[in-house]
Amino acid sequence: MHKGYIQVYTGHGKGKTTAALGLAVRAAGAGLRVFIAQFIKKRKCSEHVLLEELSDRITVTQYGRGLIMGGKPSPADIKAAQDGYAEVKNVLLSKEYDVVILDEANVAAHYGLITVQDLLALMTAKPKNVELVITGRYANKKVIDAADLVTEMREIKHYHGQGVHARRGIEK
């Protein structure tokens, strides 16, 4: 890849992580190496089963202790995210990967697990030929302004409001 860009997937609608995972599979299919850093998340979902089979091209590491939506992060939550940030910085600068995905990093910044300045520092440090993808609602305006591509997922209608819980293979 001659030039890598910075993509941000944000908004309150469904599909941010799903879009990033689709890009990861497409990149791996093209022979690119992908690193996925999942902030906040700690549980294994259906996609992890397949991603483990693609582990020669896609590496997934989780730096979370679980969802904190609306809650206050614990010191352990903050430490997990900051340890993840340090590792991701090394991964990004190693040039070992062609695509680096920071899943839920916008949410991590919003809740103070990492800082917006941390995200901006990664965006600035990104090697020229690495594609950087940042997902999660609450993308900060500075992150949006520094990105090359920003997609906002907007919920128009969702069956969760009718009592449908996350389904295996679809939402989890």
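Ala, Val, Leu, Ile, Met, Phe, Trp, Tyr, Cys and Pro count as nonpolar, Asp, Glu, Lys and Arg count as charged, and the others, Gly among them, count as polar. The model above is predicted, so local features need pLDDT of at least 70 and side-chain atom pairs count only at pLDDT 80 or more, while totals for chains, interfaces and linings use all residues. Residues are numbered from 1 along each chain as its sequence is written, and side-chain values use heavy atoms, with hydrogens and water left out.

**Exercise 1: the cavity**

Task: Find how many cavities of 30 Å³ or more there are, and describe the lining of the largest cavity by class.

Solution. 
- Step 1. Begin with the idea: rolling a probe the size of a water molecule over the atoms shows where empty space is left. Here a cavity is a set of points, on a 1 Å grid over the protein atoms alone, where a 1.4 Å probe fits but cannot get out; lining residues have an atom within 4 Å of a point. Points are joined across faces, edges and corners, and the volume is the space filled by probe spheres set on them.
- Step 2. The count comes to one cavity of 30 Å³ or more, and the largest has a volume of about 40 Å³.
- Step 3. Ten residues line the largest cavity, and Ile40, Gly64, Arg65, Asp77 and Leu113 are the closest to its centre.
- Step 4. Sorted by class, the lining has six nonpolar, two polar and two charged residues. Helix H3 gives the most to this lining, with three residues. (Helices, H or I with at least four residues, and strands, E with at least two, are DSSP runs numbered from the N terminus.)

**Exercise 2: the salt bridges**

Solution. 
- Step 1. Look for a side-chain nitrogen of Lys or Arg within 4 Å of a carboxyl oxygen of Asp or Glu, which is the rule for a salt bridge.
- Step 2. Arg33 and Glu96 form a salt bridge at 3.5 Å, N to O.
- Step 3. Check exposure, where buried means under 20% relative accessible area, exposed over 50%, and partly exposed in between (1.4 Å probe, protein chains only). Arg33 is partly exposed at 22%, and Glu96 is partly exposed at 46%.
- Step 4. Asp83 and Lys79 meet at 2.8 Å, N to O.
- Step 5. Lys141 is exposed at 58%, as is Asp145 at 52%.

**Exercise 3: the nonpolar core**

Task: Find which residues have the most contacts inside the largest nonpolar core, and which element gives the most to this core.

Solution. 
- Step 1. A nonpolar core is a set of buried Ala, Val, Leu, Ile, Met, Phe, Trp, Tyr and Cys residues joined through side-chain atoms within 4.5 Å. In soluble globular proteins, nonpolar side chains tend to be buried together.
- Step 2. The largest core has 32 residues, and Phe39, Val100 and Leu102 have the most contacts inside it.
- Step 3. Elements giving two or more residues to this core include strand E1 (6-10), helix H5 (116-125) and strand E5 (131-135). H3 gives the most, with five residues.
- Step 4. Zoom in on Leu102, counting a contact as heavy atoms within 4.5 Å. Beyond residues up to four places away in sequence, Leu102 touches residues including Phe39, Val88, Leu119 and Ile134.
- Step 5. Another core, of 14 residues, lies apart from the largest one; among its members are Leu21, Leu23, Ala27 and Val133.

**Exercise 4: a buried lysine**

Task: Say where Lys126 lies and whether Lys126 is buried or exposed.

Solution. 
- Step 1. Lys126 is in the loop between H5 and E5.
- Step 2. With a relative accessible area of 12%, Lys126 is buried.
- Step 3. Leaving aside neighbours within four places in sequence, Lys126 is in contact with Gly4, Tyr5, Ile6, Leu92 and Leu132.

How values were computed
1 Å grid on protein atoms, 1.4 Å probe; cavity = no way out; pocket = protein on both sides within 12 Å on 5 of 7 lines; lining within 4 Å.
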